[in-house]
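Please walk me through this model.

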2 protein chains.
Amino acid sequence: MTAPQTLDRVVRRLETRVRLDAEDRAAIHALPVNKKTMDAAAYMVREGDRVDNCVLLLSGFAYRHKITGAGQRQIIAIHLPGEFLDLQNCLLGLADHNVQALTRCEVATVPVAALRKLAEDRPRVGQAMWMDTLVDAAIFREWIVNVGRRDSISRLSHLLCEMALRLEEAGLAVDRRYQLPMTQEQLADCTGLTPVHVNRVLKELGRMGLISRDKRSVEIVEWDRLQRIGDFNTRYLHFENGGPTNLPSAH
Amino acid sequence: MTAPQTLDRVVRRLETRVRLDAEDRAAIHALPVNKKTMDAAAYMVREGDRVDNCVLLLSGFAYRHKITGAGQRQIIAIHLPGEFLDLQNCLLGLADHNVQALTRCEVATVPVAALRKLAEDRPRVGQAMWMDTLVDAAIFREWIVNVGRRDSISRLSHLLCEMALRLEEAGLAVDRRYQLPMTQEQLADCTGLTPVHVNRVLKELGRMGLISRDKRSVEIVEWDRLQRIGDFNTRYLHFENGGPTNLPSAH
DNA sequence: TCATTATTCTAACTTAAGTTAGTTACAGAG
DNA sequence: CTCTGTAACTAACTTAAGTTAGAATAATGA
């Protein structure tokens, strides 16, 4: 039930946003968590559900999405290990979108009531969680721009840049190489394109020598050019410390 | 300096999300506010700015937007009178997008430090502000879907439905009629379309008898059909009370 | 191991929306 | 009342991305 190392991750994550004291940390560690494993493609939350558990992603990837009336899927966010999944949904009652496992995942669930109480008893912790959701929102905003105003090459380049930096920040990538456990269809649903066109663009990015791929592994060969083509600027990711530093001109 | 009626609006808004007690209300009223008027098109915040004042919109409309490297603008949100403008930007330090007046506006600015302190001293108030930003985020998500996966007729219909409900909720529209102080170019920047195409679609919606327009005033003639075409569902707006009730089947 | 199912990749063709280049209609300034 | 600028509107043409359909290549599982 209680899993100290699990919640250490939460403490570390929140501490990057707000300075916490011993009591704050203790209160976090006192949270009742419930660990479990979920298969790839398992739903963690469905649109319309009443959400009374907040999910923390311990390992594996997850994604948020909505399905339109015409049956088209739009992916709204990709989540990496270590991230909170439901701070977005859980305070507002009914979920307005789906959250689904992208790969097999280990998760820890925390009752919403306990989180609300934590936010009330320990306002610093509440503020840190708030900021966490604000960074999510900043990424949503950038995605609106990506999908609304950039062409297909830029959109995909931008997404690949974002994933590179977030994964490096999470310690899951080095030297612009990473595993991206997504199909081309899922990439299409992130970027508002069709799978066929994603394939064309991905090949083109390879042909241009910007990236190199093998199965699900991605290497960004020419970071500077990809960043330029993707119109990518780190600001919206709000890295506290300036972000991953081993990247050339990740300004 | 102190403007009781101004902050009443904040209290009312926050109370729709979380129950506040007398002390909570008093703490809000004690906030140091600074009222001023801004001309249409004036910038409230610019991308890259350090934000140390949070803006509350008292009257008039405002919008958030980003400009791509290629100079294309994408509007990310429209804000109505009574809404907080900078809870998104102000806790994260540097603004990652622009906030601009759409019309002449009256605003009240509050120092971020005072808001942080309020959130810390009065956790319920903090939670209510947090929830306010979560509703913003829910709208961002829906906009990703709108721009990513719906065709031009749906996109504009969806936007017109959203504005109708939010304006009714704010008491600024009745019987599906409202003033929308936006040019077709701005509508294009909301929907990821070109002004030319927005014009075509707007005319088409008129021809189909779904809406009727005159200058900046919009009337939704056939709510049910427009809602269906726009693939519009209220859920993402998270109205606490079920939302404006005088609309037929606004489910 | 073979069969099945997902995923990647391609080509040929179509279309929704963009582009360019205007005209028309207002609204505010002087 | 005319000038000026912005916004609305239109037509003709172009293009980026979608569609359809199928082959090649992994994975997965019985």
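## The helix pair between the chains

The axes of helix H5 (residues 123–149) of chain A and H5(B) come within 9 Å and cross at roughly 15°. Axes here are lines fitted to C-alpha atoms, for helices over the stretch in contact, and angles run from 0 to 180 degrees between N-to-C directions. Helices (H or I, at least four residues) and strands (E, at least two) are DSSP runs, numbered from the N terminus. H5(A) and H5(B) are therefore roughly parallel to each other. Angles under 35 degrees count as roughly parallel, over 145 as roughly antiparallel, 65 to 115 as roughly perpendicular and the rest as oblique.

The crossing of H5(A) and H5(B) is left-handed. That term applies if the near helix is turned anticlockwise from the far one by less than a right angle; clockwise makes a crossing right-handed. By class, the contact of H5(A) with H5(B) has 16 nonpolar, eight polar and four charged residues. Ala, Val, Leu, Ile, Met, Phe, Trp, Tyr, Cys and Pro count as nonpolar, Asp, Glu, Lys and Arg as charged, and the others, Gly among them, as polar.

## Basis of the model

This is a predicted model: local features need pLDDT of at least 70, side-chain atom pairs count only at pLDDT 80 or more, and totals for chains, interfaces and linings use all residues. Residues are numbered from 1 along each chain as its sequence is written, while chains are lettered from A and ligands numbered from 1 in the order in which they are written.

## The chain B side of the interface

On chain B, 39 residues are in contact with 39 residues of chain A. Two residues are in contact if their C-beta atoms, placed from the backbone, lie within 7 Å. Strand E5 (73–79), helix H4 (112–121) and helix H5 (123–149) of chain B each give two or more residues to this side. H5(B) makes the largest share, 19 residues. By class, the side of chain B that touches chain A has 17 nonpolar, twelve polar and ten charged residues.

## The four-stranded sheet of chain B

Chain B has an open sheet of four strands in the order E2-E6-E4-E5, with antiparallel pairing. Two strands pair if DSSP finds at least two bridges between them. The edge strands are E2 (43–45) and E5 of chain B, each pairing on one side only. Neighbouring strands of this sheet are turned by 30° against each other on average, direction ignored.

Strand E4 (residues 62–67) of chain B pairs with E5(B) in the antiparallel sense over six bridges. Within this pair, B:Lys66 has B:Gln74 in E5(B) as its bridge partner. H5(A) lies across E4 and E5 of chain B, running at about 130° to E5(B). Helix H7 (residues 184–191) of chain B also packs on the sheet, touching E4 and E5 of chain B, and its direction makes about 100° with that of E5(B).

## Strand pairs and a sheet in chain A

Strand E2 (residues 43–45) of chain A and strand E6 (residues 98–101) of chain A pair in the antiparallel sense over two bridges. There, A:Val45 stands opposite A:Val99 in E6(A). Strand E4 (residues 62–67) of chain A pairs with E6(A) in the antiparallel sense over four bridges, and A:His65 stands opposite A:Asn98 in E6(A).

Three strands of chain A form an open sheet in the order E1-E7-E3, with antiparallel pairing. Its edge strands are E1 (34–38) and E3 (53–59) of chain A. E1(A) and strand E7 (residues 105–111) of chain A pair over five bridges. A:Asn34 stands opposite A:Thr109 in E7(A). Helix H4 (residues 112–121) of chain A lies across E3 and E7 of chain A, at about 65° to E7(A).

## The DNA surfaces

Which residues come nearest to DNA strand C? Of the 14 residues around DNA strand C, they are A:Thr183, A:Gln184, B:Asp151, B:Ser152 and B:His197. A residue is near a molecule or strand if its C-beta atom, placed from the backbone, lies within 6 Å of it. H8(A) gives the most to this surface, with four residues. By class, the surface near DNA strand C has four nonpolar, six polar and four charged residues.

Around DNA strand D there are 14 residues, of which A:Asp151, A:Ser152, A:His197, B:Thr183 and B:Gln184 come nearest. H8(B) gives the most to the surface near DNA strand D, with four residues.
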